[in-house]
Amino acid sequence: MKRVFSGFRPTGKQHIGNYLGTIQNCISLQDEYDCIYCVVDIHALTTLESIESLREDIYEMVLDWLAAGIDPQKSILFVQSHVPQVMELHTLFSMVTPLSWLLRVPTFKEKVKMQPHNVNYGLVGYPVLMTADIALYKGEIVPVGEDQLPHLELAREIVRRFNSLYGFVFPEPQAKLTSFPLILGLDGIQKMSKSYNNYIEIAASPQEILERVMTAFTDPARRYRSDSGHPDICNIFCLHKFFTPARVDEIASECRRAGIGCVECKKMLAESISSTLEPFREKRAILASKPNYITEVLADGANRAEAIAKETIREVKEKMRLLQRVQLEHIRD
Ligand code: TRP
């Protein structure tokens with residue numbers, strides 16, 4: 001079975017944009033591939049202004065992922081820093097990565113503009129650490145969003161260079177783009193994101209969902225209840241496609257002929273979202289009430305991941321002619 005690897009920044013409670021764009025995809029890959037999913041806490045430190053909420057963000061995110069259907073029996077789910085071999089491989093890869101490759105990465109240039117006060121060494125090495133993430137587990141398929149394609153290109157170049165300098169160890173990882181369209185936030189302008197406060201959380205209560213949906217922007221050309229609407233440009237309608245699939249045609253035609261108003265349409269959407277998320281809310285509550293459940297899942301994930309990581313590091317050191325460390329008791333045998 002081919003191996004899937006992907007990493008996710010710890011962003012705390014997940015929203016329906018994360019679910020439709022990323023989590024759902026990761027869930028469906030579980031049946032076809034050997035999947036490893038990693039919460040990249042070290043990567044998060046390259047840009048974090050405050051570490052205040054880091055632990056809570058990891059916990060809440062993992063809880064949502066498990067509640068939504070990531071199965072820790074099928075997949076390995078773990079926290080990046082729990083398997084420290086990734087930092088070892090990162091250092092070794094840094095010796096085969098020309099600095100010029102890193103300086104031209106678009107996300108690096110963007111970050112330099114966004115945080116000129118914090119252009120740290122780790123930020124330049126971000127794609128090297130990402131390559132180490134994937135390569136440590138010999139990941140071949142990497143589900144990511146389009147913004148990560150330059151990183152994946154670089155990952156291929158780094159492993160190719162390693163393989164040609166030291167001998168073949170790593171398969172070249174391929175990006176697998178998620179086929180879901182961009183999920184816009186409730187403002188109908190920006191993509192759904194924590195930073196724009198335009199999201200609905202997976203764990204939101206029916207009341208919260210309703211309140212949030214009510215604040216959403218709809219078709220701006222529809223100013224009066226009697227105006228006919230344009231579902232194709234309405235963000236609420238776009239969400240109906242995902243959450244009310246059986247009734248989209250009816251909703252579209254009712255909107256066009258002003259048969260339903262935006263308020264009614266939003267109430268319907270809030271109900272569909274709420275009923276879709278209900279099983280997640282229930283499972284989340286059950287998992288959250290089990291003491292140490294998340295800690296145990298992550299410890300088990302880290303153990304399984306580390307077994308693979310140790311083997312890869314052994315192979316890498318062999319190829320790089322580093323002297324293997326031998327335990328004293330073995331020497332005396
Ligand atoms: N850079 C990715 C992001 O910001 C996260 C990430 C870290 C990742 N390591 C990875 C993604 C390895 C895929 C594979 O979304």
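In this predicted model, R257 pairs up with E254 in a salt bridge, and the closest N and O atoms sit 2.9 Å apart. R257 counts as exposed, because its relative accessibility is 56% and the cut-off for that label is over 50%. Salt bridges that share partners also tie E60, D64 and R284 together into one network.

Another of these pairs is made by E250 and R247, whose side chains meet at 3.1 Å, N to O. Are these two residues buried, partly exposed or exposed? E250 has a relative accessibility of 40%, so this residue counts as partly exposed. R247 gets the label partly exposed too, with a value of 35%. Both labels follow from the cut-offs, because partly exposed covers what lies between buried, under 20%, and exposed, over 50%.

E264 and R225 form a salt bridge as well, and here the closest N and O atoms are 4.0 Å apart. This pair links distant parts of the chain: E264 belongs to helix α13, while R225 sits in the loop between α10 (206-214) and α11 (235-243), and 39 residues separate the two. E264 is partly exposed, with a relative accessible area of 42%. R225 is partly exposed as well, at 45%. Counted by the same rule, the salt bridges come to 14.

Where does α13 bend? The bend is at L277 and comes to about 45°, and a proline, P279, follows within four residues. P279 itself lies in α13 and counts as partly exposed, at 44% relative accessibility. Between the C-alpha atoms of P279 and P72 there is a gap of 18 Å, although the two residues are 207 apart along the chain.

Now for the ligand. Which residues come nearest to the ligand? Of the 13 residues around it, the nearest are G7, Y126, M130, D133 and Q148. Y126 has a polar side-chain atom 2.7 Å from a nitrogen atom of the ligand. The side chain of D133 also places an N or O atom 2.8 Å from a ligand nitrogen. R9, in turn, has a polar side-chain atom 3.4 Å from an oxygen atom of the ligand. How much of the ligand does the protein cover? On its own the ligand has 370 Å² of accessible area, and the protein covers 90% of that. Helix α8 supplies the largest share, with four residues.

Finally, there is Q14, found in the loop between β1 and α1 (16-29). Is Q14 buried or exposed? Q14 is buried, because its relative accessible area is 3% and buried means under 20%. The side chain of Q14 also makes a polar contact of 3.4 Å with the side chain of W65.

How values were computed
Residues numbered from 1 in each chain as written. Predicted model: local features only at pLDDT ≥ 70, side-chain atom pairs only at ≥ 80, totals over all residues. Heavy atoms only, no water. Bend = angle between axes of the 7 residues up to and from the residue. Buried < 20%, exposed > 50% of the residue type's maximum accessible area, 1.4 Å probe, protein only. Near = heavy atom within 4 Å. Polar contact = N/O pair within 3.5 Å; in protein donor to acceptor, adjacent residues only side chain to side chain. Areas by Shrake-Rupley, 256 points an atom, 1.4 Å probe, with all protein chains shown as cover.
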